[in-house]
Amino acid sequence: MSTPTPTEQLNRRQQLMQTYRMAKKTDRLLSLWMLGAFIVGAAIGFALFSFLPGPIWLFPVLGGLLIGFLLMMIIFGRRAQNAAYRQMDGQRGAAAAALSMLRRGWKVDSAIAVTKQQDVVHRVIGPPGIVLVAEGNPNRIKGLLLTERRKHERVVADTPIHEVVCGNGEGEVPLPKLVKHVTKLGKGLKGPALTDVLFRLKALDANRSAVPLPKGPVPTSMKGQRGNLRGR
């Protein structure tokens, strides 16, 4: 029986408060943005529901509170997510943490290849095919990506393989845009083909030696936060 993670052990209110405190460290204006969103949403809701028949105050007040709260949570979710990306940016393993935000239909394998200098390649399998995501020194990861591409081509030659470098340099994809970039790479793999690729890659991974994880602080998965921000 699996042991629940600390995030899973928290109740809904505690999870939201934890996310709020983490975001507040980076986004000092978070409270003001949330308050402003609630006021604007409440005003819009009050105006819209004031035309409904019924008690003069009931529907406008309820509508204002509902829309105000909804808009406040949308703003909170977006700014908290941006704050999380800013906190992770530059840390080892940040790309893997960001990729955990991918929804169903995607499989993320973190750190399938790591150099002594802590350059790392992660693998994402989904509708676009295979996406190799590298983070580290731009000069060293080119060779690491090439090696991984060749390994995968020997096993799944007919599957599209994409290479992405996460970073802030020229030709690289910034961390906050990584998930969106990966999801827009196309839809070259689906259904039975995806299952077949996963089966073939098991054989490839079985022949790998144990990969040492990057040293130092590694950001935790953002899956729990994704659930908080989406209201799940």
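User: In which strand is the place of A111?
Analyst: This is a predicted model, in which local features need pLDDT of at least 70, side-chain atom pairs count only at pLDDT 80 or more, and totals for chains, interfaces and linings use all residues. Residues are numbered from 1 along each chain as its sequence is written, and side-chain values use heavy atoms, with hydrogens and water left out. Elements here are DSSP runs numbered from the N terminus, helices being H or I of at least four residues and strands E of at least two. On that basis A111 belongs to the strand that spans residues 107–114, namely β1.

User: Does A111 count as buried or exposed?
Analyst: The classes rest on relative accessible area, with buried under 20%, exposed over 50% and partly exposed in between (1.4 Å probe, protein chains only). The relative accessibility of A111 is 8%, and therefore A111 counts as buried.

User: What is the phi of A111, which is not a glycine?
Analyst: Most residues other than glycine have a negative phi, and most peptide bonds are trans. A111 has a positive phi although it is not a glycine, and the value is about 50°.

User: With which residues is D27 in contact, leaving aside its neighbours within four places in sequence?
Analyst: D27 sits in the loop between α2 and α3, and with a relative accessible area of 5% D27 is buried. Along the chain, D27 and R79 are 52 residues apart, yet their C-alpha atoms are separated by 7.6 Å. Contact means heavy atoms within 4.5 Å, and once the neighbours within four places are left aside, the partners of D27 are R79, A83 and R86.

User: How many Å apart in space are Y85 and T26, C-alpha to C-alpha?
Analyst: Y85 is found in helix α4, and at 4% relative accessibility Y85 counts as buried. Although Y85 and T26 are 59 residues apart in sequence, their C-alpha to C-alpha separation is 10.0 Å.

User: How many charged residues does the contact of α2 with α3 have?
Analyst: The axes, which are lines fitted to C-alpha atoms (for helices over the stretch in contact, with angles from 0 to 180 degrees between N-to-C directions), come within 9 Å for α2 and α3 and cross at roughly 115°. The contact is made by Y20, A23 and K24 of α2 together with L30, S31 and M34 of α3. With Ala, Val, Leu, Ile, Met, Phe, Trp, Tyr, Cys and Pro taken as nonpolar, Asp, Glu, Lys and Arg as charged, and the others, Gly among them, as polar, this contact has four nonpolar residues, one polar and, among the charged, one.

User: How many nonpolar residues does the contact of α3 with α4 have?
Analyst: The axes of α3 (residues 30–49) and α4 come within 6 Å and cross at roughly 145°. By class, their contact has one charged and five polar residues, while the nonpolar residues number 20.

User: How many residues apart in sequence are the parts that the pair of Y20 and F76 ties together?
Analyst: The structure holds one aromatic pair, formed by Y20 and F76 at 6.4 Å centre to centre with 40° between the planes; this pair is tilted, given that ring centres of Phe, Tyr and Trp (its six-membered ring) must lie within 6.5 Å and that planes under 30 degrees apart count as stacked, over 60 as edge-to-face and the rest as tilted. Y20 lies in helix α2 (residues 12–26) and F76 in helix α4 (residues 58–88), so the parts tied together are apart in sequence by 56 residues.

User: Which residue of relative accessible area 3% is buried?
Analyst: Y20 counts as partly exposed at 22% relative accessibility. The buried residue with a relative accessible area of 3% is F76.

User: What pattern does the protein follow, read along the sequence?
Analyst: The secondary structure comes to nine helices and four strands. Of the 232 residues, 38% count as buried. Read along the sequence, the pattern is α-α-α-α-α-β-β-β-α-β-α-α-α.
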